[in-house]
Amino acid sequence: MSWLAKHYLRQWQGYIELSSELTEWDQKAATVFFNALKQVDEADVKLLSDKYVTHIKRRVISQQYGKPFSAEPGTDKAMADLYGIEPHEYRQRRVEAEARLETQIKGITDVYNEKQIARLPEFNLKMGKLYLKSYEPSFLGIIRDEVVFTLDPSKAKIFKQGDEVAAEFMRFLKLEKCEVDRNSVGMSLIVDCKLL
């Protein structure tokens, strides 16, 4: 199910009409969306624009902007009637077009996120939902066997860009960089896990 593509598609008209008023977040989303649209076939763009821009049921007012921003698209049956085909055939075409668009959106988003993470001045390291909390270097500066992880991002160790130890953790333990979460609230019931 291409829920991500649907989210962007419902806001398509808003991205265009409110382009000069968009928040930074919505500007980035619009950039991702329109770059993804450029990567799909014209037939897909036409099919999707008919449903999500041209033949909509109604517009939805955004609390953020106080104006219509997203749209409730026309039904598959109404669109099938418009195209003169059976509803199941239209639905199949639409689902396939949305899936192709979603693939492009995800690809562009992944590249964007990788670039953003690479530029972070400060970052945490994590493995799944576990964040690196602490470690003990030996007198030679080599990391010892004991490494402490936590589920609480507010307790995670903060590394600076270019940190050699962080690079070692990423290389040998396959930890990933992530943005420092300065808004998380400590979870008092979490017990740290020690890897021995």
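**A tour of the model**

Mentor: Let's start with one residue. Setting aside neighbours up to four places away in sequence, K126 is in contact with Y131, L175, E176 and C178. Keep in mind that this is a predicted model.

Trainee: Okay. Where does K126 lie?
Mentor: K126 belongs to strand β3, which covers residues 122–127.

Trainee: And is K126 buried, exposed or partly exposed?
Mentor: K126 is partly exposed, since its relative accessible area is 23%, and buried would need a value under 20%.

Trainee: What's the C-alpha separation between K126 and L173?
Mentor: Their C-alpha atoms are separated by 9.9 Å, while the two residues are 47 residues apart along the chain.

Trainee: Let's zoom out. How many helices and strands are there in the protein chain?
Mentor: The protein chain has seven helices and eight strands. It has 196 residues, and 35% of them count as buried.

Trainee: What share of the contacts joins residues 24 or more positions apart?
Mentor: Counting contacts with a separation of 6 or more, such pairs account for 66%.

Trainee: Now the inside. How many residues are in the largest nonpolar core?
Mentor: That core has 27 residues, and Y8, L9, Y15, F33, L101 and I105 have the most contacts inside it. The elements giving two or more residues to this core are α1 (3–10), α2 (12–17), α3 (24–38), α4 (42–54), α5 (76–83) and α6 (87–118).

Trainee: Which element gives the largest share of this core?
Mentor: That is α3, with six residues. As background, nonpolar side chains in soluble globular proteins tend to be buried together.

Trainee: You listed F33. What does F33 touch?
Mentor: Apart from residues up to four places away in sequence, F33 touches Y8, L9, W12, Y15 and L101. There is also a second, separate core of twelve residues, with L125, L132, F159 and A166 among them.

Trainee: At what angle do α1 and α6 pack?
Mentor: The angle is about 90 degrees, and the axes are 8 Å apart. That angle makes α1 roughly perpendicular to α6.

Trainee: Which residues meet there?
Mentor: From α1 you have W3, L4, A5, K6, Y8 and L9, and they meet R94, E98, L101, E102, I105 and K106 of α6. The residues of this contact divide into seven nonpolar, five charged and no polar.

Trainee: On to α5. Which residues are buried there?
Mentor: D76, M79 and A80 are buried in α5. Looking down the helix axis, the buried residues of α5 fall within an arc of 105 degrees, so they line one face of the helix. They pack against α4 and α6.

Trainee: What comes after α5?
Mentor: G84 follows α5, and its phi is positive, near 70 degrees.

Trainee: Which residue has a positive phi although it is not a glycine?
Mentor: K174 does, with a phi of about 60 degrees. For context, most residues other than glycine have a negative phi. K174 is found in the loop between α7 (164–172) and β7. With 61% relative accessibility, K174 counts as exposed.

Trainee: What about α7 itself, which residues are buried?
Mentor: In α7, V165, A166 and F169 are buried. They cover an arc of only 100 degrees around the axis, which puts them on the same side of α7. The face turned away from that buried side carries the exposed residues E164 and F172.

Trainee: And β7, where does E179 come in?
Mentor: E179 is in strand β7, residues 176–179. E179 is exposed, with a relative accessible area of 59%. Beyond its neighbours within four places in sequence, E179 is in contact with L120 and N124.

Trainee: One more: where is H55?
Mentor: H55 lies in the loop between α4 and β1 (56–61). At 32% relative accessibility, H55 counts as partly exposed. Not counting residues up to four places away in sequence, H55 touches D50, P73, G74, M79 and L82. One of these, M79, is a buried residue of α5.

Trainee: Great, thanks for the tour!

Terms used
Residues are numbered from 1 along each chain as its sequence is written. This is a predicted model: local features need pLDDT of at least 70, side-chain atom pairs count only at pLDDT 80 or more; totals for chains, interfaces and linings use all residues. Side-chain values use heavy atoms; hydrogens and water are left out. A nonpolar core is a set of buried Ala, Val, Leu, Ile, Met, Phe, Trp, Tyr and Cys residues joined through side-chain atoms within 4.5 Å. Buried means under 20% relative accessible area, exposed over 50%, partly exposed in between (1.4 Å probe, protein chains only). Helices (H or I, at least four residues) and strands (E, at least two) are DSSP runs, numbered from the N terminus. Contact means heavy atoms within 4.5 Å. Axes are lines fitted to C-alpha atoms, for helices over the stretch in contact, and angles run from 0 to 180 degrees between N-to-C directions. Angles under 35 degrees count as roughly parallel, over 145 as roughly antiparallel, 65 to 115 as roughly perpendicular and the rest as oblique. Ala, Val, Leu, Ile, Met, Phe, Trp, Tyr, Cys and Pro count as nonpolar, Asp, Glu, Lys and Arg as charged, and the others, Gly among them, as polar. The arc is that of the directions from the helix axis to the C-beta atoms.
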